[in-house]
Amino acid sequence: MTRIAVIGTGGWGKNHVRVLSELGVLVAVCDLDKSRSELYAKKFGIKGYSDVDEMIRSEALDGVTIATPASTHVSVASKTLRAGINTFVEKPMTSSVKEGEELIKIAEASGKILTVGFIERFNPAISELKKLTKEGSLGRPILFQYDRENRRGDNITDVGVVKDASVHDIDTARWLFGEEPKTVYARVGSVMGKNEDFATILLGFGDERTAFITTNWVTPMRVRQLNAVFAKGVVTVDFISQEMQIHEEEGTRVPAHVFTEPLILELKELVSAIEEKRQPLVTGKDGLSVIRIAEAVLASAKTGSPIYLPL
């Protein structure tokens, strides 16, 4: 049986615990809050730890998922990778490009999987949009316009909206276009705290293709939408309902869909990659590329000028 542990069980980590338990692969949890780790250990009949090193010594683990604050990702993930454990790190993979490069080297030396929590790739509507993009029935993609809004979670304190939320749409844009952006231009600001809580980002890809991303932690309602403009039509996607509408000259069609929790699909992919000894859909290099673009976003906002990639 594949044996996986969750490190960090607050915020989003508690959902990792639930899903991995449902998949039958959860064997341990680790959290600095001992009462929380004991609670989940009792609830799911597994081992609970408050120290990562102790858990690594005590458990024969095939994999871990890390859902601790972003500032701790490099220190925790480097421990698990050096111990020969396949490692899933929630986004952002690291707080900086320098840390990301360090983690990639450690993963390559260990020969183990390093993957990142870009959950929107596993949203069934985005998976379907990827298929439409590849098959070319709507012509070439021209513009992806994203709108992601909701109030900031109280557990997010060490990064701003760009590295916590905009990274989802940065990743899906580069995945859907199938290439890295060449230019970045952005405006960001803050009305509620020390880190930026709203951002407007323009990513320029080859052949004049563009991604326009707006993200904020100010709006009280939860909005996650995408308009994808193609040469022969427009596709609208609601990330939350997973509904897709395809608008063509002949009219609008709404493909039937079955709602599926993206986290289940994401963690199933992790388990399959571990068992099949292959790279998962999202790699550590994807995580590094997105951090590099996020840092370019912040640099552009600071200077007021476009940033040309690669840096």
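Just after helix α1, Gly 24 has a positive phi of about 80°. The model is predicted.

**Helix α1**
- Helix α1 spans residues 13-22, and its buried residues are Gly 13, Asn 15, His 16, Val 17, Val 19 and Leu 20.
- The cover over these buried residues includes the strands β1 (4-7), β2 (26-30), β4 (63-66) and β5 (86-90).
- Helices are also part of that cover, including α2 (34-44) and α8.

**Arg 209**
- Arg 209 sits in the loop that runs between β9 (198-204) and β10 (210-216).
- Arg 209 counts as buried because its relative accessibility is 14%, and the cut-off for buried is under 20%.
- Apart from neighbours within four places in sequence, Arg 209 touches Arg 140, Pro 141, Ile 142, Phe 177, Glu 179, Leu 203 and Gly 204.

**Crossing of α7 and α9**
- Helix α7 covers residues 161-177 and helix α9 covers residues 284-303; their axes come within 9 Å and cross at roughly 115°.
- This crossing of α7 and α9 is right-handed.
- On the α7 side, the contact is made by Val 162, Lys 163, Val 167, Ile 170, Asp 171 and Arg 174.
- On the α9 side, the contact is made by Asp 286, Ser 289, Val 290, Ile 293, Ala 294, Glu 295, Val 297 and Leu 298.
- By type, the residues of the contact of α7 with α9 are eight nonpolar, one polar and five charged.

**The largest cavity**
- Rolling a probe the size of a water molecule over the atoms shows where empty space is left.
- One cavity of 30 Å³ or more is present in the structure.
- The largest cavity holds about 40 Å³ of space.
- Its lining is made up of Phe 88, Thr 115, Val 116, Phe 122, Glu 266, Glu 269, Leu 270, Pro 280 and Val 282.
- Two elements, β6 (114-117) and α8 (262-276), each give two or more residues to this lining.
- Helix α8 supplies the largest share of the lining, three residues.
- Six residues of the lining are nonpolar, one is polar and two are charged.

Technical notes
Residues are numbered from 1 along each chain as its sequence is written. This is a predicted model: local features need pLDDT of at least 70, side-chain atom pairs count only at pLDDT 80 or more; totals for chains, interfaces and linings use all residues. Side-chain values use heavy atoms; hydrogens and water are left out. On a 1 Å grid over the protein atoms alone, a cavity is a set of points where a 1.4 Å probe fits but cannot get out, and a pocket is an open set with protein on both sides within 12 Å along at least five of seven lines; lining residues have an atom within 4 Å of a point. Grid points are joined across faces, edges and corners, and a volume is the space filled by probe spheres set on the points. Helices (H or I, at least four residues) and strands (E, at least two) are DSSP runs, numbered from the N terminus. Ala, Val, Leu, Ile, Met, Phe, Trp, Tyr, Cys and Pro count as nonpolar, Asp, Glu, Lys and Arg as charged, and the others, Gly among them, as polar. Buried means under 20% relative accessible area, exposed over 50%, partly exposed in between (1.4 Å probe, protein chains only). Contact means heavy atoms within 4.5 Å. Axes are lines fitted to C-alpha atoms, for helices over the stretch in contact, and angles run from 0 to 180 degrees between N-to-C directions. A crossing is left-handed if the near helix is turned anticlockwise from the far one by less than a right angle, and right-handed if clockwise.
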